[in-house]
Amino acid sequence: MPSDPLPPLRSVIADHGLSARKSLGQNFLLDLNLTAKIARSAGDLTRCDVLEIGPGPGGLTRGLLSEGARHVLAIEKDSRCLPALAEIAAAWPGRLTVIEGDALKVNPLDHLTPPIRIAANLPYNVGTELLVRWLTPPDWPPFWQSLTLMFQREVAERIVAAPGSKAYGRLALLAQWRCDARIVMSLPPQAFTPPPKVSSAVVHLTALPEPRFPADAKTLERVVAMAFNQRRKMMRAALKGLAPDIEDKLRAAGIAPTDRAETVDLERFCALAQLIKT
């Protein structure tokens, strides 16, 4: 790993009196070898700007900069972490911008130059919402080339799940419609402070040049959300509010009205979304 001039993260946390806050979904990853490995799994960053959400004391931030990221924009809601992040900015002059704010409300494009990649140990309480936002812009390709994101292991498995599996659902469909998605790392609870109750995993998603099948993003998201909201119901019952002739549309999309959502693949969900939109 390229040289990192700063003290170990445990020292940084002690010096600044930082403790992870459950209300902010924080779990700090302190092993700089692991944060560097996550940064490397994001690919060659030397010609990219990187967006990081929830850097906390800056473990992954340091990994991204050490691994050569052209510029990192870190959005942090917790003002307690700002002095530690300022030390990182001083150690890598001109390569780190820190914004104090809510990642759901800040527009990062005001501060980033393409090509852009996103890499983050996402706060658990906003991770899924941010992912869905990044996956469902009205226009494609998006502003980012790839996402390298840490989630609870269960969420990561839902992103890469195949039809028919227990984890298959909304996240799998939205992710795999427009991206190649794979789990690239697993991390035990002991890697974090405080240790969460579950294991974590890093998912790498690469944006495809165009979606695998044509569909309107908002319509597809609505269809998928309704279908899996009541996944034990047959499709005709789960989607009965979408269209008066829903059974006809299901059949036209190659879906039996008696099918359940977990058996319907991406291509047929996209075909149904197109029929409902028109």
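Biologist: How many disulfides does a search of the whole structure find?

Modeller: This is a predicted model, and searching the whole structure gives zero disulfides. Cys48 takes part in no disulfide, and its nearest cysteine sulfur, that of Cys179, is 16 Å away. A disulfide needs two cysteine sulfur atoms within 2.5 Å. Cys48 counts as buried because its relative accessibility is 4%. Turning to Cys179, the closest cysteine sulfur belongs to Cys270 and lies 13 Å from the sulfur of Cys179, which is too far for a bond. Cys179 has 0% relative accessibility and therefore counts as buried too.

An open sheet is formed by seven strands, with mixed pairing and the order 4-3-2-5-6-9-7. The edges are held by strand 4, residues 96-100, and strand 7, residues 179-187. Each of these two has a single partner strand, so one side of each is left without a neighbour in the sheet. Ignoring direction, neighbouring strands of this sheet are turned by 20° against each other on average.

Strand 3, residues 71-76, pairs with strand 4 in the parallel sense, over five bridges. Ile75 has Ile99 in strand 4 as its bridge partner.

Conventions
Residues are numbered from 1 along each chain as its sequence is written. This is a predicted model: local features need pLDDT of at least 70, side-chain atom pairs count only at pLDDT 80 or more; totals for chains, interfaces and linings use all residues. Side-chain values use heavy atoms; hydrogens and water are left out. Buried means under 20% relative accessible area, exposed over 50%, partly exposed in between (1.4 Å probe, protein chains only). Two strands pair if DSSP finds at least two bridges between them. Helices (H or I, at least four residues) and strands (E, at least two) are DSSP runs, numbered from the N terminus. Axes are lines fitted to C-alpha atoms, for helices over the stretch in contact, and angles run from 0 to 180 degrees between N-to-C directions.
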